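I opened my notebook to look up a few things in this structure.

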Amino acid sequence: MILKLIRKQPQGNAIRGELYIDGVLCTEVLERKDVEILALWYTVSVTMSPKFKRLLPIVNDVPGRSGIRFHVGTKPEHSAGCILVPSRDIENRLTETLLQAQRRHETVYLEI
């Protein structure tokens, strides 16, 4: 499975973008400018978040960083480097989609 995050032009301290799953638009996303992760290829898995106390997608092997997750948030201030989705419903659907891929032993890649 391929996730592709396409970033748009920064607006203030926010970077808006679009997240695609296997070429199909999944959701809009938001990152905080100046703490966004490098534009590279990563793997993504679903694990229990100690901070949020629920299963969430985590971006693996981010250079110099840890705990970079996809989670709900509507303002750049809601992130210390994570990728924000606009609602809990979308967060849940994304998590479940990735969890199903993980159960099939399918590697999930994120391209930024």
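Before I start, I need one cut-off: buried means under 20% relative accessible area, exposed means over 50%, and partly exposed is in between. The model I am reading is predicted.

**Entry: Arg-93**

I found Arg-93 in helix α1. Is Arg-93 buried, partly exposed or exposed? Its relative accessibility is 48%, so Arg-93 counts as partly exposed. I also checked one distance from this residue. The C-alpha atoms of Arg-93 and Val-29 are separated by 14 Å. Along the chain, these two residues are 64 residues apart.

**Entry: Glu-91**

I stayed in helix α1, where Glu-91 is also found. Is Glu-91 buried or exposed? Glu-91 has a relative accessible area of 2%, so it is buried. Next I listed its contacts, leaving aside neighbours within four places in sequence. Glu-91 is in contact with Arg-54, Leu-56, His-71, Val-72 and Val-85.

**Entry: the core**

How many residues does the largest nonpolar core have? I noted 24. Those with the most contacts inside this core are Leu-3, Leu-19, Val-59, Leu-98 and Leu-110. Then I looked up which elements give two or more residues to the core. They are β1 (2–7), β2 (14–21), β4 (41–49), β7 (83–85), α1 (88–103) and β8 (108–111). Helix α1 gives the most, with five residues.

What does Leu-19 touch, not counting residues up to four places away in sequence? My list has Leu-3, Lys-4, Leu-5, Val-24, Leu-25, Cys-26, Thr-27, Val-29, Phe-70, Leu-94 and Leu-110. Two names there, Leu-3 and Leu-110, were also among the core residues with the most contacts.

**Entry: the cysteines**

Cys-26 turned up among the contacts of Leu-19, and I followed it. How many disulfides does the structure hold? It holds zero. A disulfide needs the two sulfur atoms within 2.5 Å. Cys-82 is in no disulfide either, and its nearest cysteine sulfur is that of Cys-26.

I compared their accessibility with my cut-offs. Cys-26 counts as partly exposed because its relative accessibility is 28%. Cys-82 counts as buried because its value is 10%.

The largest pocket has a volume of about 170 Å³. What kinds of residue make up the lining? I wrote down six nonpolar, seven polar and three charged.

**Entry: positive phi**

Last, I looked at backbone angles. Lys-53 has a phi near 60°, a positive value in a residue other than glycine. Lys-53 lies in the loop between β4 and β5 (54–59). Is Lys-53 buried or exposed? Its relative accessible area is 66%, so Lys-53 is exposed.

Asp-61 is not a glycine, yet it has a positive phi of about 60°. Where is Asp-61 found? Asp-61 is in the loop between β5 and β6 (70–72). With a relative accessible area of 71%, Asp-61 is exposed.

Terms used:
Residues numbered from 1 in each chain as written. Predicted model: local features only at pLDDT ≥ 70, side-chain atom pairs only at ≥ 80, totals over all residues. Heavy atoms only, no water. Core = buried A, V, L, I, M, F, W, Y, C linked by side-chain atoms within 4.5 Å. Buried < 20%, exposed > 50% of the residue type's maximum accessible area, 1.4 Å probe, protein only. Helix = DSSP H or I, 4+ residues; strand = E, 2+ residues; numbered from the N terminus. Contact = heavy atoms within 4.5 Å. 1 Å grid on protein atoms, 1.4 Å probe; cavity = no way out; pocket = protein on both sides within 12 Å on 5 of 7 lines; lining within 4 Å. Points joined across faces, edges and corners; volume = space filled by probe spheres on them. Nonpolar A, V, L, I, M, F, W, Y, C, P; charged D, E, K, R; others polar.
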